[in-house]
Amino acid sequence: MAQPRRDPEQRPSPEALLEAARREDSRVGRLKIFVGAAPGVGKTYEMLQSAHAKLKAGADVVVGAVETHGRAETQALLEGLEILPRKRLEYKDQILEEMDLDALIARHPQIALVDELAHTNAPGSRHPKRYLDVEELLSRGIDVYTAVNIQHIESLNDVVAQITHVRVRETVPDSVFDRADAIELIDLTPDDLIQRLKEGKVYVPKQAERALEHYFSPGNLTALRELALRRTAERVDEQLLNHMQANAIAGPWAAGERILVCVSEDPRSAGLVRHTKRLADRLHAPWTAVSIETRRSLQLTDEERDRLADTLRLAEALGGEALTIPAVERRIADDLINFAHANNVTQIIIGKSTRSRWFELTRGSVVHDLVRRAGNISVNVIAGEELAAEPVPKKTVRTAVRPEPFDPRPYLMALVIVAVGLGAAALIQPLFGIENVDLVFLTAVVGVAVRYGLWPSMLASVAASLCYNFFFLPPVYTFTITDPTNVAAFFFFMLIALLVSNVAARVRTQADSAIGRVRTTESLYAFSRKLAGTATLDDVLWATAYQTALMLKVRVVLLLPEEGVLTVKTGYPPEDELDKADLAAANWAWSHDRPAGRGSDTLPGAKRLFLPMRTGRGPIGVVGIDDDKTGPLLTPDQRRLLDALMDQGALAIERVLLVEDMDRVKRTVESDRLRSALLTSISHDLKTPLASVLGAASTMRDLSRDLSETEKRDLLATVIDESERLNRFIANLLDMTKLESGAVVPNTARHDIDEIVGSALRRAGKILAHHKVSLELAADLPMLELDAVLFEQALFNLLDNAAKYAPADSTISIRTSRNTNWVTLQVIDEGNGIPQSELESVFDKFYRAQKGDHVRPGTGLGLAIARGFVEAMHGTIAADNRADRSGAVLTIRLPIPAASHALDTAA
């Protein structure tokens, strides 16, 4: 088999080597993830099959946690594998089973099977999430096999919610997925998965029917399948790239397309970027825009610098990665090829050169060099005429001239250093001869070039050459040279001095540029970190104003629209008002999405310069800057830095505003839902008893002579029953109003809970007339701190709910019990139970579970009021389903007062 081609001059990437070292560390376990597009594709089944294969190969395999979901074929694969007992945890009077992490670590198998990577552990577990358990197992040197569905990956959460209209609450950070040593995609076509669902191999029949109607539609499954394939392909592509970088393998390996576009200050570069974007979209490939920074880059005009910066920003706005890398090789083409090999680039896009033939012969052609040296990389040369119509807009703000005053000190220091070199040369000549004198002068020239730059080093080169001639070449103390060999020596010394000074000065310039770029990048990175940690609009605005003022040494004011009017939100130093000229300039900048004010083409008489802050959705605000100087405010470099700061600030502001908009929309939707539910209750649930009362009363008035006494009693009973029902509805509405306004303050005292249960049963006698009531009250219950009225109402609401949703002649049970710190009361019915997904929703206002003809109507407020009253007395209430048969269980837990503990201890 052919060995991969290695570049002898290319060294492995340090980051890739560190990643390889981490993977090869025997102290850290290896993680293998089985990924699927949806439940039921066979992740757990495949994981167990792989475990059996490892077991046959002699590996020590232990099952930590595997969920079979009642699937017989999956359950069969557990036979023959060692299964650790689950850890039992008590939560809300229920016993939950979780993976016993400590037992698994103590057992320390070679491979641990841990299913459901996104699972949320029960309260009381060491870690809140199962993926944290997996990370601890890996840190202990245990290999882990696990499974996860693609909808649980954190970065895909919003995408999945948009596709399926279901928000997945349990997610796994992308970092866990990306650190996996192996990923196995379990793929199944949508038709096959739907067939499995219909055959009952995924869910039980009722669940399967609901799943087919909602989540498991062919369109949803196809979209989820594509997400799983793409995310797995991205991870595999990253692993391939890391392997190539760690082993210094020269690319490309065309396992997937990667595109690189070369941009410069040329006006056609913007069109080149757009062409690359269109190509990348067709190929579904990632792409990068790269600018090579050379010495010539420092000599660009301000307009060219702005154009290059705008082109790179355009690349980022279009979804590409924008990079500026310093030139390392002598040819720009070599730097591009090295970058392409290091990043597995398969295609390079570059614009056709418009320079003359003579220029290309004398200085070379990047395009020709790139084509000749590209090897296996495809090079696409785009004609200039195709891109000529896509320029970057011209700047409308005048920039300050970069101050470059003449400073004589570097030149004087250059002469001083040459003089010191002359002294040192005079001292060593008698000892080492004239052959080593020139090295002393070259050292002085290099020192000047490194410290003071090009032109001082050129002066030092001339001065050193003259000193070398005057003091050391015979005849000495004259500039005359008699020996032809000395003429050649002088000429080459001067040539080498000039070349060395030029190279050293270029290195210094590149180093200074790199240091400046690093400082700016560090400041921008710190600023982005600060913005990422802010959650309120005021904090984002203050951080943006402060960072801008700090980095640009200007005064800053930020304005945002508020009810259609541009308003000052913050400033640094703090500023609350603008004069009329500044306010006019700010409004013009906002309205026209263009700069205005000082140094611009519009309203230049304003004290400040105002620039719009934009995101991909359009302008979002205005920034105003000024200082104590006169004339234009910013140099071109400062203007580009301001653009970068405003881009980050605008994105952070948009993020906060979007969160506020989402919260506002949620509140609006909730208000509309509550309003609709309330109108439904008023129009139906309140109107129905009124109609019954009116009908019965009218009948008695108009037909009283024809009615028997029994019929009259029945009509009166109807009037009383429906009036009581109406009274309950109105009382529920009033109680909910009190709860929401905070007007409910419990009047607590010591009460016997048995007495309150008896009172509630007497009050609910008519409601429970068609049901059997079973009481199982513990005998040793202590007195509790309760508001008897509120607790009786809460219990009455639970009994009313049970009577509505349980069939006639069924049994409603009331049970009480006690543990160390709590007294528990349960109301248990024999109805159809509560859907698992609605166990928490049943306590929402106006929420009613499955309604049928046998269910008595209601407002949907009973359980919400019960929760409010119980929590006001420091208790908890929860809903669950019976384990022995169908039916719901509503559980109230109330704390035992401290004094009761003391009495129990004394007894």
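Is Cys262 buried or exposed? Select Cys262 to find out: at 10% relative accessibility, this residue counts as buried (under 20% relative accessible area, with exposed meaning over 50% and partly exposed in between, using a 1.4 Å probe and protein chains only). Now hop to Cys467, which counts as buried because its relative accessibility is 17%.

Some ground rules before moving on. You're looking at a predicted model, where local features need pLDDT of at least 70, side-chain atom pairs count only at pLDDT 80 or more, and totals for chains, interfaces and linings use all residues. Residues are numbered from 1 along each chain as its sequence is written, and side-chain values use heavy atoms, leaving out hydrogens and water.

While you're on cysteines: searching the whole structure for disulfides (cysteine sulfur atoms paired within 2.5 Å) turns up zero.

Next, select residues 332–342, helix 13, together with residues 366–373, helix 15. Their axes (lines fitted to C-alpha atoms over the stretch in contact, with angles from 0 to 180 degrees between N-to-C directions) come within 8 Å and cross at roughly 40°.

Show the side chains where the two touch, contact being heavy atoms within 4.5 Å. Helix 13 brings Ile332, Ala333, Asp334, Leu336 and Ile337, and helix 15 brings Val366, Asp369, Leu370 and Arg373.

Finally, zoom out to the protein chain: 28 helices and 25 strands (DSSP runs numbered from the N terminus, H or I of at least four residues and E of at least two). Of its 907 residues, 45% count as buried.
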